[in-house]
Amino acid sequence: MALEKREKKYFGTNGVRGVTGVDMTPVFALKVAEAFGTMLGEGKKIGIGRDTRTSGPALASAVRAGLMACGCNVVDFDIIPTPGLQYLVLHHDLDGGVMITASHNPPEYNGIKIIEADGTEMGDERTLQLEELMIQNTPAVSQWNRVGGSTEEPQARKLYVDAIVAQFPKDCGKGVTVVVDPGNGPAAATTPEILRRLGCCVHTINAEFNGLFPGRLPEPSPEGLANLSAMVRATGAAFGVAHDGDADRAIFVDENGTFMDGNITFALLASYFCEKNPGSVIVTPVSTSGIVEAVGAAYNCTTTYTVVGSIYVARTMREMIARGEKVIIGGEGNGGIIYPKHQFCRDGGMSAATMLGFVAGKTRPLSKLIEELPAFTMYQEKRKTTQAKEIVAHMRTCFADCPIDDRDGIRIIKGGAWALIRPSGTEPLVRVFTESLDPAEAKCLLDHILTEIKPYLA
């Protein structure tokens with residue numbers, strides 16, 4: 001059974017975020033930590049990590065205090081990518097983790113992600129329990145002789161790097177030049193090292209820890225990656241890779257410095273694993289381009305769709321594997337890819353290494369490999385509305401004769417095109433996606449939908 005979303009008060013799909021000193025304060029962080037510590041109970045071991053944001057140390061100190069006050073023992077991993085913390089929680093017998101990060105949000109933001117013992121982000125049911133404890137504000141504070149302690153793990157980043165390097169053949173990147181732009185985030189200490197250890201010649205930009213993000217904003221964009229593209233061309237690199245603020249995603253440019261859409265990246269990395277594991281399963285949200293399913297089908301691989309959000313992809317993957325299904329890769333069209341043989345979360349460092357493995361085994365440059373992919377055209381629009389539910393209901397009637405998937409908004413298949421009409425979970429608006437191999441067909445479906453929903457718009 002596919003997982004369904006439930007509404008939460010503080011937390012979104014990927015943790016809770018806010019402006020430092022306004023919505024995200026040490027007092028709020030303490031409250032979250034006390035609730036988490038109360039859920040877990042005394043004696044549990046919790047890992048804490050953070051990205052490079054200037055507010056990170058203050059928030060991490062508040063989280064540490066809240067957990068210790070409730071009798072939990074804290075292991076401080078300092079600055080580390082979110083997937084690094086998740087790997088350590090999963091593989092080093094921790095009972096959970098807390099990541100201090102606002103991911104791709106601007107520098108003035110920060111946030112908190114709660115990690116379960118299995119290395120995945122906390123799911124809806126448990127998050128609702130956590131929020132209820134926050135609202136009650138009656139934490140189970142331990143007696144003076146039962147408060148928790150705190151230790152540090154100076155080898156944390158090395159352990160994460162070692163785990164990724166071990167997934168690939170020795171020196172598989174020998175002779176390959178790559179440029180890395182960690183965006184002044186935690187991947188500055190991990191992704192260049194991963195690629196060097198795999199044999200690459202690595203050039204870097206924005207590769208120092210700096211929570212002011214002077215090189216570019218934490219969200220990789222074509223404009224923000226102009227310097228990465230220029231260095232790729234100047235050095236003759238096979239590709240360039242950039243990360244968001246906590247390095248759970250990887251965004252690439254090809255050997256010409258051309259920005260690669262996340263769906264293209266997902267299709268290429270999926271093909272790397274599908275070629276080696278024909279007949280396997282890909283798991284992805286309903287918003288992902290059909291290019292991923294088409295690439296998998298070339299290797300007799302099937303695609304299973306979930307609601308939008310990496311946590312739902314990860315947990316669906318785990319459920320399917322527990323049933324004996326051969327799930328080989330999962331992910332989203334935003335550069336967040338999940339590798340079940342490594343761990344069940346988006347991992348930008350693993351994506352960088354996988355792209356290296358993909359490119360190193362080919363005789364043609366990355367741009368030519370992209371040209372060989374099916375040429376899908378996707379349109380994306382958003383419209384303000386206070387009647388998103390009414391829009392979904394109307395779409396169900398309007399397309400009653402078409403196959404419909406309503407697990408997250410409504411996904412419609414009409415002819416050779418598909419459309420997704422999905423209400424935002426955080427804003428009064430609705431998002432509309434259409435896609436087809438035929439651009440005219442995709443545009444016609446988009447225009448039809450926008451015309452139908454016009455009476456419901458704000």
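This is a predicted model: local features need pLDDT of at least 70, side-chain atom pairs count only at pLDDT 80 or more; totals for chains, interfaces and linings use all residues.
Residues are numbered from 1 along each chain as its sequence is written, and side-chain values use heavy atoms, with hydrogens and water left out.

Helices (DSSP runs of H or I, at least four residues) and strands (runs of E, at least two) are numbered from the N terminus. Helix 1 (residues 26-40) packs with helix 2 (residues 56-69) at an angle of about 35 degrees, the axes being 7 Å apart. Axes are lines fitted to C-alpha atoms, for helices over the stretch in contact, and angles run from 0 to 180 degrees between N-to-C directions. The crossing of helix 1 and helix 2 is right-handed, that is, the near helix is turned clockwise from the far one by less than a right angle. Contact (heavy atoms within 4.5 Å) is made by P26, A29, L30, A33, E34, F36 and G37 of helix 1 and by A58, L59, A62, V63, A65, G66 and L67 of helix 2. By class, 11 of these residues are nonpolar, 2 polar and 1 charged; Ala, Val, Leu, Ile, Met, Phe, Trp, Tyr, Cys and Pro count as nonpolar, Asp, Glu, Lys and Arg as charged, and the others, Gly among them, as polar.

A nonpolar core is a set of buried Ala, Val, Leu, Ile, Met, Phe, Trp, Tyr and Cys residues joined through side-chain atoms within 4.5 Å. Buried denotes under 20% relative accessible area, exposed over 50%, and partly exposed the range in between (1.4 Å probe, protein chains only). The largest core has 61 residues, of which F239, V241, L268, I329, M355 and L366 touch the most other members. Helix 8 (residues 262-276) supplies the largest share of this core, 9 residues. A second, separate core of 27 residues includes M24, F36, L67 and I100.

T354 lies in helix 11 (residues 348-360) and is buried, because its relative accessible area is 0%. Neighbours within four places in sequence aside, T354 is in contact with F168, L269, Y272, F273 and Y339. R422, in strand 19 (residues 417-423), is likewise buried at 13% relative accessibility. The side chains of R422 and D408 are joined by a polar contact of 3.1 Å; such a contact is a pair of N or O atoms within 3.5 Å, where within protein one must be able to donate a hydrogen and the other to accept it, and residues adjacent in sequence count only if both atoms are side-chain atoms.
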